[in-house]
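Subject: Structure handover

Hello,

Here is the structure I promised to pass on.

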Amino acid sequence: MRLLTHNTLRNNSNDAKGKGYPLHITALEIRVDDSSEVGSDPNREETFIKGILGVLDWAVLIQAASQMGLTNLPSVLTEDLAENSVFLRALYHVLMNVHLVRGILKCSNTGREFPVTDGIVNFMLEEDECEHVRL
């Protein structure tokens with residue numbers, strides 16, 4: 001699971017009452033892909049990051065990165081950083097090449113734990129746990 005993906009995930013169960021965000025990461029196994037191994041196109045990477053900066057929850061990204069052992073992201077995203085090509089490529093690397101392979105995502109509102117296995121989060125809920133269940 002990429003950090004970009006984590007930035008959008010939430011617990012949608014009834015118990016969370018719409019407050020199942022963000023999910024806390026307990027990382028048991030992390031994989032960091034070398035950008036030279038997965039391909040690299042600086043222009044594409046910068047364009048991609050510029051396009052998603054407006055929808056990223058920066059505070060949640062900082063927290064999630066820290067929970068995965070990455071503590072070098074700035075606490076505030078400034079306009080200067082948003083135009084800095086070196087920063088944009090480094091952010092691309094963090095969002096796209098850092099993967100939670102095995103661990104747990106925990107809802108801070110309900111305590112519900114969602115296991116991550118082989119990079120895939122198991123969000124399966126029982127029918128009675130789902131929002132908008134029709135009886």
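The chain has an accessible surface of about 8200 Å², and carbon and sulfur atoms hold 50% of that. Keep in mind that this is a predicted model. Of the 135 residues, 33% count as buried. The C-alpha trace spans about 50 × 30 × 25 Å along its principal axes.

Fold first. There are 6 helices and 4 strands. Read from the N terminus, the order is α-β-α-α-α-α-α-β-β-β.

The 4 strands form an open sheet, ordered β1-β2-β3-β4, with antiparallel pairing. β1 (23-32) and β4 (120-121) are the edge strands; each has a single partner, so one side of each lacks a neighbour in the sheet.

β2 deserves a look of its own. Strand β2 covers residues 98-107. Of its 10 residues, 7 are buried, so the rest of the structure largely encloses this strand. On one pairing, 9 bridges join β2 to β1, and the two run antiparallel. On another, β2 pairs with β3 (residues 113-117) over 4 bridges, again in the antiparallel sense.

Lys106 in β2 is the bridge partner of His24. Lys106 also has a bridge partner in β3, namely Glu113. Further along that pairing, Gly103 stands opposite Val116 in β3. β2 and β3 make a hairpin, with 5 residues between them. Gly111 sits in the turn and has a positive phi of about 85 degrees.

Last, the pocket. How much space lies in the largest pocket? About 150 Å³. Its lining residues are these:

- Val32, Leu70, Asn72, Leu73 and Pro74, among others
- Phe87, Ala90, Leu91, His93, Val94 and Val98, also in the lining

Which element gives the most to that lining? Helix α6 (residues 85-97) does, with 5 residues. By type, the lining divides into 9 nonpolar residues, 2 polar and no charged. The sheet contributes too: Val32 is in the lining and β1 spans 23-32, while Val98 is in the lining and β2 spans residues 98-107.

If you set up a view, these are the items to show: the β2 and β3 hairpin with Gly111 in its turn, the Lys106 and Glu113 bridge, and helix α6 at the largest pocket.

Best wishes

Key. Residues numbered from 1 in each chain as written. Predicted model: local features only at pLDDT ≥ 70, side-chain atom pairs only at ≥ 80, totals over all residues. Heavy atoms only, no water. 1 Å grid on protein atoms, 1.4 Å probe; cavity = no way out; pocket = protein on both sides within 12 Å on 5 of 7 lines; lining within 4 Å. Points joined across faces, edges and corners; volume = space filled by probe spheres on them. Nonpolar A, V, L, I, M, F, W, Y, C, P; charged D, E, K, R; others polar. Buried < 20%, exposed > 50% of the residue type's maximum accessible area, 1.4 Å probe, protein only. Areas by Shrake-Rupley, 256 points an atom, 1.4 Å probe, with all protein chains shown as cover. Pairing = 2+ DSSP bridges.
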